[in-house]
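Let us read a structure together, one feature at a time.

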2 protein chains.
Amino acid sequence: MAKHSDITKRFLLSAKQQEIQALHHLSSNCRTVRAVKDMIHQLQRERGMSNVFLGSKGERFANNLASQVTASEESEQDLRSLLKSLYLGKHDNGQSMRLLSCITFALQGMDHLPNLRSKIADHQLTPLESTKAYCRLVAGLLDVVFEAADVASDPAMTRLLVALFNFMQGKEYAGQERAWGAIGFSESQFDHSLCDRISALTDSQNQCFETFSNFADAEELQMWQALQNSEQTVHIERLRKMICSLAEGDQCATELSEIWYDIATLRIDAMQDIEEHLTQRLTEQATLRINQAEEEHRNHEQLVASLNNSPPHADAPITMLYDSTVQGLRGADHQEEELIETSALTAHKSFYDLIRGQAKNIQDMASELNAAKQALNEQKVIDRAKLLLMQQGKLNEQQAYKKLQSAAMEQNIRIAELAQRVVNKVG
Amino acid sequence: MAKHSDITKRFLLSAKQQEIQALHHLSSNCRTVRAVKDMIHQLQRERGMSNVFLGSKGERFANNLASQVTASEESEQDLRSLLKSLYLGKHDNGQSMRLLSCITFALQGMDHLPNLRSKIADHQLTPLESTKAYCRLVAGLLDVVFEAADVASDPAMTRLLVALFNFMQGKEYAGQERAWGAIGFSESQFDHSLCDRISALTDSQNQCFETFSNFADAEELQMWQALQNSEQTVHIERLRKMICSLAEGDQCATELSEIWYDIATLRIDAMQDIEEHLTQRLTEQATLRINQAEEEHRNHEQLVASLNNSPPHADAPITMLYDSTVQGLRGADHQEEELIETSALTAHKSFYDLIRGQAKNIQDMASELNAAKQALNEQKVIDRAKLLLMQQGKLNEQQAYKKLQSAAMEQNIRIAELAQRVVNKVG
């Protein structure tokens, strides 16, 4: 009597096929993220050494820098080959335009790294100019990771990517903090703006690592706690305080410069283990999800085949139209989710359960995905709000952040919520 | 000296190709939305007539219902053919699994419409049962529109889809309000829960139409204002008040039932023009964007060809590494967006400007897209929060909404913000 139409069955299978395809894309993006992570780490090292090399007029790190450039070039080569094989094949449709545009922009910078390196070797740049150039490229590469997280549609993997992106962004701020300190120390005197910059970067790190913590697993949290309690962290916090307590124009010893650089480097290098753990989990999860989805697809095919061979269901048809757990009419009594008891488990019943389960799953997924993407975007919203305040009130970054912070405290809301309001008012 | 690598050029072109593909998918989804809109309208009419038919023990609307079923079947046939041609072809990769799953679920309901209709013809269902069945199918179809909006990646089209989805959802609540009224009147006596239901549906309509208004264009707003000031709206508001002022157990005349149904129907039918305007704009916008993107692709190809023929740039290379408008290092002075003056407009310069412009565009787009999707999700978040409160506090829907409303007022935040907090606390 009541039969499912052919088109319904085909849509069920097609949805699963598209899920598998999307997971393959996601898996490609995770491989890219891993290669980008390595490339960024090498660039951070190269940036730090170039900074000291230029600041010391070529006295320090000349040899280390040369071998670091070789390491960076190897990472770059790996990344380029991977990008080419993953995204420029003939059958790679359905990739995100935004991701590809971000990759294009980062590649544009990578194309000109040789020029940057030769300028550094010839002392044609100040430490600050050199640092800025590397920071732009790292920011471009971080955008690739951000987009990979933003286009993901699997909640578990999105959560992992949000954790990883925030950790990488926090690590980059740690690298920038090291750079400002190194530039400040090498100039042998401080002004208060350096203290402001270090405070702003400390705040930014804290925000990133807090978001990371919200999405990390127990093991990663433990690793992070260990790093937070480590000697390097204690030392770096002491040095931060020292910088801020130095009076304007204070002379300070070159030794301090070396200590700052070494401690900050130890701390940054230690962060690598956590990044590695996150990318490892990401790879495992991608494989797992693809295998799962492929098995589900096989099961769906079997079910559809058995449905085609079963006699039409004689009883009241099993359909969403009469399923009291499906909400439609507002104000009707809400039915709790429940298993509908039927006398026999027919193929028709299994088919309906499958379709119903999938529809339900989408609702749950959407909500989890939404929460993860909101967390991903929070940092950007805060940055945007900060920029607006800086432009409107002629404030520096640290002042703008403090303004956001105190307004949020006053209104008893999270800083991200307040930032969203600032942005909404303007946009 | 400084050349762009081949891979950078290929990524630029590939990004544009993927954008074109995504726009074709989006255009397909818009055609689906249009057909779904027609189908929902026919179902709403069929639901209303079935409701009166059943309530009057078959005395009213028997003939109209038969011709309405024919109209519904025509819409259904159009929708099915379209779905088949748009999503089940061999080359339709890259479609959203969530969209396809929603379509599957709605198709499952559509497969069993003949069964529902024969039960109605045989008076085997109460008006409420029949109404619930239609509402489930309409909700399933509205989910298709929701997903089409949620997977869109073009901000202008997403805004249009958000406006349309909210308008359609609001119209559906108006249909449900008509149904509750019709059921209440046909039972010839009221209890206060009917007043609660009508109030809840009025609130829900207001929320939807408010979001619609935030994303509609001037003409649509004007059409909406005209409808708001129309006689039907004045009448419906008067009837709502009447319902709520009737005492428990009051008898009321059957004529009132007919007036209620007719006025509510006039109002709902008048909403069609606005839906039509929105879908018309959607279609135009889709065509426009595809043409734009294709022309951009041709221009990019020409530029890349001319780049391959130009001599390498001898000056300082034009690259993101040295572009002071590209943010990288925190705490460095922020440069306002500016046009970089160069002596000659070389192909290299145009190429860089293009890549830079695209990267910048992504940031702007992301923020606009984010705002639209947040608005899209607000209603779901409010619904989720309401459901949580209903389950926790054994409240009905209207009580739960009032609780959200007063808590939001107390904390001086929007109801959507408060709902997000309620959901976050639990999730």
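## Salt bridges, fold and interface

Q: Which side chains meet Glu19(B) or Lys16(B) in a salt bridge?
A: This is a predicted model. Side chains of opposite charge can pair when their charged atoms come close. Here Glu19(B) and Lys16(B) pair with each other, at 2.7 Å from N to O.

Q: Where do Glu19(B) and Lys16(B) lie?
A: Both sit in helix 1 (residues 6–55) of chain B. They are three residues apart, about one turn of the helix.

Q: Is Lys16(B) buried or exposed?
A: The cut-off for buried is under 20% relative accessible area. Lys16(B) has 5% relative accessibility, so Lys16(B) counts as buried. Glu19(B) is buried too, because its relative accessible area is 10%.

Q: What does Asp323(B) meet in a salt bridge?
A: Its partner is Arg356(B), with 3.4 Å between N and O. This pair links distant parts of the chain, 33 residues apart. Asp323(B) is in the loop between helix 10 (254–309) and helix 11 (347–393) of chain B, and Arg356(B) is in helix 11. Both residues are buried.

Q: Which residue forms a salt bridge with Arg281(A)?
A: Asp217(A) does, and the closest N and O atoms are 3.2 Å apart. Arg281(A) lies in helix 10 (residues 254–309) of chain A, while Asp217(A) lies in the loop between helix 7 (192–215) and helix 8 (218–228), so the pair ties together parts 64 residues apart in sequence. Arg281(A) counts as partly exposed, because its relative accessibility is 22%.

Q: Which residues of chain A are linked in a network of salt bridges?
A: Lys16(A), Glu19(A), Asp154(A), Arg289(A) and Glu296(A) are. Over all chains, the whole structure holds 55 salt bridges.

Q: How many helices and strands are in chain A?
A: Chain A has 13 helices and zero strands. Of its 427 residues, 58% count as buried. Take the contacts with a separation of 6 or more: residues 24 or more positions apart account for 80% of them. The C-alpha trace spans about 90 × 50 × 40 Å along its principal axes.

Q: What area is buried between chain A and chain B?
A: The size of an interface is often given as the accessible area lost when the parts come together. Here that area is about 9300 Å², and carbon and sulfur atoms give 60% of it. In chain A, Phe11(A), Arg136(A) and Arg330(A) lose the most area to chain B, together 10% of what that side buries. On each side, 103 residues are in contact with the other chain.

Q: How many salt bridges cross the interface of chain A and chain B?
A: Four. Arg330(A) also forms a salt bridge with Asp383(B), the closest N and O atoms being 2.8 Å apart.

Notes
Residues are numbered from 1 along each chain as its sequence is written. Chains are lettered from A and ligands numbered from 1 in the order in which they are written. This is a predicted model: local features need pLDDT of at least 70, side-chain atom pairs count only at pLDDT 80 or more; totals for chains, interfaces and linings use all residues. Side-chain values use heavy atoms; hydrogens and water are left out. Helices (H or I, at least four residues) and strands (E, at least two) are DSSP runs, numbered from the N terminus. Buried means under 20% relative accessible area, exposed over 50%, partly exposed in between (1.4 Å probe, protein chains only). Contact means heavy atoms within 4.5 Å. Buried area is the accessible area (1.4 Å probe) that two parts lose on being put together, summed over both.
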